[in-house]
Amino acid sequence: MSTLTDKAIYRLDIIHHIYLLALGDKLHLAPIDPNPQWILDVGTGTGIWAIDAGEVPPNVEFQIDDAESDWTFKPDFFDLVHMRNLGGAVKNWDKLLGEAYKYCKPGGWIYMAEYEMAIFSDDGTLDNAPELQKYYELVSEAAEKTGRSFYMSKRLKPAIERAGFEKVHHQGAKIPLGPWAADRKQKELGAYVLLSAETGFEAFGIQLFTNVLEMKVEDANTLIQATLRQAKSRKIHSYTMQ
């Protein structure tokens with residue numbers, strides 16, 4: 001695995017907890033055999049999902065490789081290939097998904113979780129958060145310029161089908177930004193999303209803004225700080241989509 005900063009490790013572990021909350025403490029929703037033999041976690045990050053899936057660390061092995069290159073496992077090998085939050089990192093999704101199909105055993109599954117780098121509200125309150133909207137728009141714009149799109153959630157189903165998978169199902173969900181929701185579970189979910197955003201806004205934005213969009217560092221930081229302030233406002237009822 002690549003070296004991660006303490007902030008990145010903390011944020012990625014929070015995101016893992018967010019997924020557990022969203023999935024009712026399940027690691028995935030794929031209907032795999034109760035006793036799978038081989039699972040691959042692509043883009044494992046801190047490895048927390050893989051360790052939880054393996055139940056104990058000795059069951060887990062980490063390898064460093066390029067997931068968009070040819071895989072070197074035995075074909076028809078994995079019970080489950082798991083991927084999440086790879087948006088903004090992958091250029092050739094057809095290649096990646098083709099490899100996943102090749103190395104899934106017959107009857108095996110792929111489970112993916114991605115989100116749109118876009119922000120929404122149902123009550124118009126987002127109109128009072130122009131920097132928050134601008135942040136998401138510019139991150140998406142910059143990512144598109146690099147060829148590593150964040151807009152994959154809606155595109156994944158046909159891409160997975162092109163790879164050869166059958167019985168493909170997409171389940172969308174609203175993920176609140178901040179603890180503004182009345183529902184207790186959504187409120188908790190939003191609180192953790194906001195916690196991850198405290199370092200995530202800078203981590204996602206600063207390099208894209210300065211290196212790709214050629215913004216001045218001070219302008220990029222000003223936008224990021226304004227974005228975080230607006231995200232923290234309970235008067236702004238915003239959410240992202242998975």
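Colleague: How are the strands of a sheet held together, and in what order do the strands stand here?

Modeller: In general, strands of a sheet pair through backbone hydrogen bonds, and the pairing is either parallel or antiparallel. In this predicted model, the open sheet has three strands in the order S1-S2-S3, and their pairing is parallel. S1 and S3 (104-113) stand at the edges with a single partner strand each, so one side of each has no neighbour in the sheet. On average, neighbouring strands of this sheet are turned by 15° against each other, with direction ignored.

Colleague: How many bridges join S1 to S2, and which residue is the bridge partner of Val42?

Modeller: S1 (residues 39-42) and S2 (residues 78-84) pair in the parallel sense over four bridges, and Val42 has Met83 in S2 as its bridge partner. Between S1 and S2 the chain passes through helix H2 (residues 48-54), in a β-α-β crossover that is left-handed.

Colleague: What joins S2 to S3, and which hand does the unit have that S2 and S3 make with helix H3?

Modeller: S2 and S3 run parallel and are joined by six bridges; Phe78, for instance, has Cys104 in S3 as its bridge partner. With helix H3 (residues 93-103), S2 and S3 make a β-α-β unit that is right-handed.

Colleague: Turning to the helices, what describes two packed helices?

Modeller: Two packed helices are described by the angle between their axes and by the distance between those axes. Helix H6 (residues 184-212) and helix H7 (residues 217-232) pack at an angle of about 155°, and their axes are 10 Å apart. An angle over 145 degrees counts as roughly antiparallel, and H6 and H7 are therefore roughly antiparallel to each other. The crossing of H6 and H7 is right-handed.

Colleague: Which residues of H6 and H7 meet?

Modeller: On the H6 side, the residues include Leu194, Phe201, Ile206 and Phe209, and they meet a set in H7 that includes Val217, Leu223, Ile224 and Leu228. The residues of this contact of H6 with H7 divide into eleven nonpolar, three polar and three charged.

Colleague: At what angle does helix H4 pack with H7, and what residues make the contact?

Modeller: H4 (residues 130-146) and H7 pack at an angle of about 120°, with 8 Å between their axes, and that angle makes H4 oblique to H7. H4 passes H7 in a left-handed crossing. Among the residues that make the contact are Pro130, Leu132, Tyr135 and Leu138 of H4, together with Leu223, Ile224, Thr227 and Ala231 of H7. The residues of the contact of H4 with H7 divide into eight nonpolar, two polar and two charged.

Colleague: How do H4 and H6 pack, and what kinds of residues does their contact hold?

Modeller: H4 and H6 pack at an angle of about 55°, and their axes are 9 Å apart, which makes H4 oblique to H6. The crossing in which H4 passes H6 is left-handed. In H4 the residues of the contact include Leu132, Tyr135, Leu138 and Val139, and in H6 they include Gly200, Phe201, Phe204 and Phe209. The residues of this contact of H4 with H6 divide into twelve nonpolar, three polar and one charged.

Notes
Residues are numbered from 1 along each chain as its sequence is written. This is a predicted model: local features need pLDDT of at least 70, side-chain atom pairs count only at pLDDT 80 or more; totals for chains, interfaces and linings use all residues. Side-chain values use heavy atoms; hydrogens and water are left out. Axes are lines fitted to C-alpha atoms, for helices over the stretch in contact, and angles run from 0 to 180 degrees between N-to-C directions. Helices (H or I, at least four residues) and strands (E, at least two) are DSSP runs, numbered from the N terminus. Angles under 35 degrees count as roughly parallel, over 145 as roughly antiparallel, 65 to 115 as roughly perpendicular and the rest as oblique. A crossing is left-handed if the near helix is turned anticlockwise from the far one by less than a right angle, and right-handed if clockwise. Contact means heavy atoms within 4.5 Å. Ala, Val, Leu, Ile, Met, Phe, Trp, Tyr, Cys and Pro count as nonpolar, Asp, Glu, Lys and Arg as charged, and the others, Gly among them, as polar. Two strands pair if DSSP finds at least two bridges between them. A crossover is right-handed if, with the strands pointing away from the viewer, the path from the first strand over the helix to the second runs clockwise.
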